[in-house]
Amino acid sequence: MRTEFTPDQLKDSGTARANEILRACVHCGFCTATCPTYQVLGDELDSPRGRIYLIKDMLENNRVPDEKTVKHVDRCLSCLACMTTCPSGVHYMHLVDHARAYIDKNYKRRWDDRALRWILARIIPYPTRFRLALFAAGLARPFSRILPDKRLRAMVAMAPRRLPTPSLNDSPQTHVAQGSTIGGQKIKRVALMTGCAQKALNTDINDATIRLLTRAGVEVVIPKGEGCCGSLTHHMGKEDLAHGSAAKNISAWAAEMDGEGLDAIVINTSGCGTTVKDYGHMFRNDPLAADAARVSAIAKDITEVLGDLDLPARAPEALRIGYHSACSLQHGQKIKDLPKDLLTRAGFQVATPADPHLCCGSAGTYNLMQPEISGQLKARKIRTLEAVKPDIIAAGNIGCMMQIGSGIGVPVVHTVELMDWATGGPKPAALKPQ
């Protein structure tokens, strides 16, 4: 694609990166075949190619974003299926993230939209605040039908009927390696990112991760100072908030790396993993650039770490698993088959639904900001999962788990919960009679 940015415009690193990405696009349209919003809406401007044209025009002309451009960029899930499909290697993620930051700085949204985004950005990344908000949403559930905004109704519907008690395992501490240590020495030392929303919604995931890793001879440290990865605010274009959250993590993990050392930073929420692995790019012009690059280099999804360990796993029950591949895992991190391979080797029967590349509609805060489109994608995903007749649904991202679990009559668990169970841990709570 030909671009016409001026030398002065290209002095900005974000614009320069956008220029590189735009020039890689050859207009082939392969991305339209795998874009969920294009599949649902059938509008060229709701495809990556259409959004690329809108973003190019906006950035090249340094213009105030118009309502049409903002609408179609807002409708993007950032599922990154287009990046998996693109034969030209267009890095759409960096382009759309830059466009969102540009919009956030230069476009004045309606007051209610601004208010909702402000609330989400200042509640979800903070577990205590989020728990209180979920409790309030539960109280509002009987009145949800009369709420004036469909996005408010979506927020109330998302709230689980029961909130777990906060886990003491998530506090800063070191979980000592047990099990198959070599000569009494730990096999690895890793930091576990405990996350933000996940700590409020489902404490079983981190607990299972810690049990599984320590049982395999891995020392697991929960560093003081780590918190939200910044992805939720990053995808809303709120760069300052996102970088503030990320900087705290970088400092916390770098301190551990410079202290007793780390073999990996383990992440069991794939949406967070995609962002942490991109810290090197996010902080490329920041004083934290070197530490950010070090962090990104050792950030790993939990399944990547498990794949390096010799786990004596054996499924306690013969169960058919419907595996949902989170977009942030398969497209963002290019981890597609490893989780299924781990479950299969453990003795579970794993079934893959049709169109596994299509998003479930969760996508961070997307199901709250765009509930109608999200609902259509959710219904499609649930139909394909039900068609494989699973006993359980497994996924590697809390957002997907909440999205799918709220509309399907089958237990939904994290992959790591099943692997923990298959290596001597407790049966996942979601599989026990309620």
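Predicted model: local features only at pLDDT ≥ 70, side-chain atom pairs only at ≥ 80, totals over all residues.
Asn62 is found in the loop that runs between helix H3 and helix H4 (67–74).

**Two residues with positive phi**

The phi angle of Asn62 is near 50°, which is a positive value in a residue other than glycine. Is Asn62 buried or exposed? Its relative accessibility is 52%, and because exposed means over 50%, Asn62 counts as exposed.

Ala363 is another residue other than glycine with a positive phi, again near 50°. Ala363 sits in the loop between strand E7 (349–351) and helix H20 (366–369). With a relative accessible area of 31%, Ala363 is partly exposed.

**Cavities**

How many cavities of 30 Å³ or more does the structure hold? There are two.

Which element gives the largest share of the lining of the largest cavity? H3 does, with three residues. Sorted by class, the lining of the largest cavity has 11 nonpolar, three polar and one charged residues.

The second largest cavity is lined by 14 residues. Nearest its centre lie Cys35, Pro36, Cys76, Cys79 and Leu80. At least two lining residues come from each of helix H2 (36–41), H3 and H5. By class, the lining of the second largest cavity has 10 nonpolar, three polar and one charged residues.

**A buried serine in a loop**

Ser325 is placed in the loop between strand E6 (320–323) and helix H18 (327–332). Its relative accessibility is 7%; because buried means under 20%, Ser325 counts as buried. Leaving aside residues up to four places away in sequence, Ser325 touches Gln330 and Pro356.

**Salt bridges**

Side chains of opposite charge can pair when their charged atoms come close. A search of the whole structure finds 26 salt bridges.

| Pair | Distance (N to O) | Relative accessibility |
|---|---|---|
| Arg189 and Glu260 | 3.7 Å | Arg189 5%, Glu260 64% |
| Arg211 and Asp420 | 2.7 Å | Arg211 31%, Asp420 1% |
| Lys340 and Asp337 | 3.7 Å | Lys340 16%, Asp337 41% |

The side chains of Arg189 and Glu260 meet in a salt bridge. Arg189 belongs to strand E2 (residues 188–193), while Glu260 lies in the loop between helix H13 (239–258) and strand E4 (264–267), so this pair ties together parts that are 71 residues apart in sequence. How do the two ends stand in terms of accessibility, buried or exposed? Arg189 counts as buried at 5%, whereas Glu260 counts as exposed at 64%.

The side chains of Arg211 and Asp420 also meet in a salt bridge, at 2.7 Å. What do they tie together? Arg211 lies in helix H11 (residues 204–215) and Asp420 in helix H23 (residues 415–422), so the pair links parts that are 209 residues apart in sequence. Arg211 is partly exposed, with a relative accessible area of 31%. Asp420, at 1% relative accessibility, counts as buried.

In the pair of Lys340 and Asp337, the side chains meet at 3.7 Å. Lys340 is buried, with a relative accessible area of 16%, and Asp337 counts as partly exposed at 41%.

Salt bridges can also be linked to one another. Which residues are linked in a network of salt bridges? Asp74, Arg109, Asp113 and Arg117 form such a network.

How values were computed. Residues numbered from 1 in each chain as written. Heavy atoms only, no water. 1 Å grid on protein atoms, 1.4 Å probe; cavity = no way out; pocket = protein on both sides within 12 Å on 5 of 7 lines; lining within 4 Å. Points joined across faces, edges and corners; volume = space filled by probe spheres on them. Helix = DSSP H or I, 4+ residues; strand = E, 2+ residues; numbered from the N terminus. Nonpolar A, V, L, I, M, F, W, Y, C, P; charged D, E, K, R; others polar. Buried < 20%, exposed > 50% of the residue type's maximum accessible area, 1.4 Å probe, protein only. Contact = heavy atoms within 4.5 Å. Salt bridge = Lys/Arg side-chain N within 4 Å of Asp/Glu carboxyl O.
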